[in-house]
Amino acid sequence: MEGALKTIDQAYENAKIGKRTTKHSDDGRTIYTVDIGHRIGYVGGREGNQRHKPMARRVQLVLEGNRVITAFPL
């Protein structure tokens, strides 16, 4: 859990300064995709299983204002 929170914090900081980040808005929420620059885990879920759980290097953050709604590896 500690490692996950550190990764989310790093992604949030990078998103705020625009470092290796793409940004778009949807229904009042801001969605950032942040390239962390190293392996942070594996892609899970249905897509990950279909692709045999590939390595994840990016984090998608969904924010409302400055509040994190969700964060997950890509």
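View 1. Thr 7 counts as buried because its relative accessibility is 19%, where buried means under 20% relative accessible area, exposed over 50%, and partly exposed in between (1.4 Å probe, protein chains only). The model is predicted: local features need pLDDT of at least 70, side-chain atom pairs count only at pLDDT 80 or more, and totals for chains, interfaces and linings use all residues. Residues are numbered from 1 along each chain as its sequence is written, and side-chain values use heavy atoms, with hydrogens and water left out. Thr 7 belongs to helix H1, residues 2-17; helices (H or I, at least four residues) and strands (E, at least two) are DSSP runs, numbered from the N terminus. The side chain of Thr 7 reaches the backbone oxygen of Gly 3 at 3.0 Å. Neighbours within four places in sequence aside, Thr 7 is in contact with Ile 36, Ile 40 and Val 59, contact meaning heavy atoms within 4.5 Å.

View 2. Thr 7, Ala 11, Asn 14 and Ala 15 are the buried residues of H1. Seen down the helix axis, these buried residues fall within an arc of 100°, so they line one face of H1; the arc is that of the directions from the helix axis to the C-beta atoms. Among the elements covering them are E1, E2 and E5. On the face turned away from the buried side, H1 carries the exposed residues Glu 2, Lys 6, Asp 9 and Ile 17. Just after H1, Gly 18 takes a positive phi of about 80°.

**View 3. Helix H1 across the strands.** H1 lies across E1, strand E2 (29-35), E5 and E6, and runs at about 70° to E5. Axes are lines fitted to C-alpha atoms, for helices over the stretch in contact, and angles run from 0 to 180 degrees between N-to-C directions.

View 4. Four strands form an open antiparallel sheet in the order E1-E2-E5-E6; two strands pair if DSSP finds at least two bridges between them. Strands E1 (21-26) and E6 (67-73) stand at the edges with a single partner strand each, so one side of each has no neighbour in the sheet. Neighbouring strands are turned by 20° against each other on average, direction ignored.

**View 5. Pairing of strands E5 and E6.** Strand E5 (residues 58-64) pairs with E6 in the antiparallel sense over six bridges. Val 59 has Pro 73 in E6 as its bridge partner. Val 59 is also one of the residues in contact with Thr 7.

Conventions: A polar contact is a pair of N or O atoms within 3.5 Å; within protein, one must be able to donate a hydrogen and the other to accept it, and residues adjacent in sequence count only if both atoms are side-chain atoms.
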